[in-house]
Amino acid sequence: NNNNNNESNSGGSSSAMNGSLSLTSASAAGAGAGADDGVSASSLRWIENNVNECYRCIKETLDVLLLGKYPPDEEQDLLDADDRIPLSPAETAEWQRLTMRTALKSNDREFHRHLYSWLIRNNQKARLFRIKTPYVLPFLLSSDQHVDILCEYYKHNQMHKPAALLLQQLATHGGPQYDLSRRIQFLKEARLHGTAAAAESMDEDIGVDVHQLRDSIELAGIQLSVYNRLSAMVEEEKRFERVEEMQQQRDLLNAQLLDLTRLYDIANHWNMYEQCLQLIDYSSQPQDHIKLVQRLWANIIIRQIRKAKQQRLDWMPSVRLQLVTLGKEYAGSKFMFPVQHIVEQLEHFAHRYPQDNSYGFVVSVMLEAGVPLMSLLSVYRHLVDSMSDQHESQMLSVFRSVLHLLRILYKQMPSRALSYATKRVAFELLNECVYHMDSMTSADALEQKRDFQALAKQFKHLISTTSSVVE
């Protein structure tokens, strides 16, 4: 650094560096041949010492150039640290480039191992990722400790196929140091690299099924939902024996990716009805589990009612929020969102636990969840046809829901905007309700006769104002 001739200084140092590396390679070769050529033990020690001295010199050079760390002065006549003339940023960058380029020319495998280890220890991974020698991948593959760095090396160098394979392996078989969120991230990255690899190789089999990765990401997302719910339950639970069981299963969920059956067993065991619905929907065979799906929806409604009653709150807002949220996800599937069953359940509980704001509750919830008006008309027509064995108060509640639905239909949608089929179904439903109510009001034993008569009058008025639309 004290030489004013920078060019000759660079040249001299370059020669010294090349000389060191050549000595390293020759020494390593001599060490390998010693046993056969009769080299003495003292000669072998001399070779080994020189090899180690070469490693030390290069390490100290890198310490200075890349880390700004000078070795401790061992000789009294060396310059003090304050007397050193520092390199300019441009000079430092040039020496860094020259040193690394020269060092990487070595064909000494052991030296490369030392060099890469030094880069990792000193947080110089970005430099490691730019290295393209034949020694770097064998080094990274030689130890499980380097698997994360190997993964980053693949991604940095756009080696899509090995990156996808390794990321998938880490997600499914990685050790306990990877939590569930990290595994999901591995799957997402594996899918990206798998897609890129498939685009590069065209018809060639790359060993990565991108569609399977997409499904695995979806299932892992449901597992994360189960894990988060179970974590919340651990905080809420007071009984020690249940807390211990919850923690064990929570740790299992966080430690590995589970298959569909095992995940459903855990969700079902802890009454996670929403997650059970997700898993049935994921299975792509909800039609095979119609009764189970219906039971899950009933359980969701009952659970929300119980929670509200325990807190002495109105149950309808809680049920509305839950059904609307889930309905927006499943209302497009007749198997996953069984409208007929859900309406029957809601009508039953609206009658059993009435509230001041219960009028029109069921209809408004279903419409807000995304159920089409035509579907609701068909559902209530079926209810009216099949409720002859219901208690009169239950029937009265259903008739009120029908009246609310029909008023919405004719108020929000002008008759000219309705299809003929919708007009016909609505008109027939009107007449059926009036027929049933007239039959009931003619019976002397009817307890709520006045209520039925008043409601029938409202239906007849609606008929008089809408009959022309279906003529």
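1. Of the contacts in the protein with a separation of 6 or more, 63% are between residues 24 or more positions apart (contact means heavy atoms within 4.5 Å). This is a predicted model, in which local features need pLDDT of at least 70, side-chain atom pairs count only at pLDDT 80 or more, and totals for chains, interfaces and linings use all residues. Residues are numbered from 1 along each chain as its sequence is written, and side-chain values use heavy atoms, with hydrogens and water left out.

2. The secondary structure comes to 21 helices and zero strands (DSSP runs numbered from the N terminus: helices are H or I with at least four residues, strands are E with at least two). The protein has 471 residues, and 43% of them count as buried (under 20% relative accessible area, with exposed over 50% and partly exposed in between; 1.4 Å probe, protein chains only).

3. Do have a look at the aromatic pairs, of which the structure holds eight (rings of Phe, Tyr and Trp, the last by its six-membered ring, with centres within 6.5 Å; planes under 30 degrees apart are stacked, over 60 edge-to-face, the rest tilted). W297 and F337 form an edge-to-face pair because their planes are at 90 degrees, with the ring centres 5.2 Å apart. W297 belongs to helix α14 (residues 290-310) and F337 to the loop between α15 (315-330) and α16 (339-352), so the pair ties together parts 40 residues apart in sequence.

4. What sits over the ring of Y353? The charged end of K309 does, 4.4 Å from the ring centre (the rule asks for NZ of Lys or CZ of Arg within 6 Å of the centre and within 35 degrees of the ring normal).

5. R183, in helix α9 (residues 180-201), deserves a look too. R183 is buried but has no salt bridge (a side-chain nitrogen of Lys or Arg within 4 Å of a carboxyl oxygen of Asp or Glu). The nearest side chain of opposite charge, D179, is 6.8 Å away (Lys and Arg count as positive, Asp and Glu as negative; His and the chain ends are not counted). A polar atom of the R183 side chain does lie 2.8 Å from the backbone oxygen of G175.

6. Finally, I266 is in helix α12 (residues 260-269) and counts as buried because its relative accessibility is 6%. Its C-alpha atom is 8.2 Å from that of V226, 40 residues away along the chain. Leaving aside neighbours within four places in sequence, I266 contacts V226, Q249, L252, L253 and L258.

How values were computed. Polar contact = N/O pair within 3.5 Å; in protein donor to acceptor, adjacent residues only side chain to side chain.
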